[in-house]
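Morning, everyone. Please have a look at the model on the screen. I'll take you through a metal site first, then a pair of helices.

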Amino acid sequence: MYHFSRSIYRELASDILEDRPEHDGPTNQERVLHSCEVCVERLATDWHYFARPTKTLFNDIRIYFPMSAQLKVYKTVDRYMSFAREYFVNNPIAERLECRATTRRGTPCQRTPLPHNGYCPSHQHLAETEEVRLAA
Ligand SMILES: [Zn+2]
């Protein structure tokens, strides 16, 4: 799944602002790549709850780019995050293949979820209340 973050990084790397010479710790390049990885990983494992991936990643990395590159950064991030989200929705990774609900005993439900909402057939009612909550 890291090919998404590397693709974003590759497209944007040449626009990243130079570090100041006295700067210690990770370089701007490393920070940008790290942010891309964190966001893509979150999208892969938790896309149900990750409402605005483009905005989140853009806000994380925009400070490492000059004003003149902001639009390009936003568009690139948006293109890849939309593509990645689509991909993860259609190809759930292994960790996602358990129902998201907790049983009455407090243990995670381990039945196979339906791909469109991540709940197993007996927990579909939870998906409905969730939609109501999101709509409210
Ligand atoms: Zn369940």
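Start with the spacing: along the sequence, the donor residues of the zinc ion follow C-x9-C-x10-C-x2-H. This is a predicted model, where local features need pLDDT of at least 70, side-chain atom pairs count only at pLDDT 80 or more, and totals for chains, interfaces and linings use all residues. Residues are numbered from 1 along each chain as its sequence is written, and side-chain values use heavy atoms, with hydrogens and water left out.

Which atoms hold the zinc ion? They are Cys99 (SG), Cys109 (SG), Cys120 (SG) and His123 (ND1), at 1.9 to 2.4 Å. A donor here is an N, O or S atom within 2.8 Å of the metal (3.2 Å for Na, K and Ca).

Why call the site tetrahedral? Because the four donor atoms subtend angles of 105 to 115° around the zinc ion. The cut-off for four tetrahedral donors is all angles between 85 and 135 degrees. The ideal is 109.5 degrees.

Now the helices, which are DSSP runs (H or I, at least four residues) numbered from the N terminus. The axes of helix 2 (residues 28–46) and helix 3 (residues 53–61) come within 9 Å and cross at roughly 160°. Axes are lines fitted to C-alpha atoms over the stretch in contact, with angles from 0 to 180 degrees between N-to-C directions. So helix 2 and helix 3 are roughly antiparallel, a term for angles over 145 degrees.

Technical notes. Tetrahedral: all angles 85-135°; square planar, octahedral: opposite > 155°, others 65-115°. Helix = DSSP H or I, 4+ residues; strand = E, 2+ residues; numbered from the N terminus. Parallel < 35°, antiparallel > 145°, perpendicular 65-115°, else oblique.
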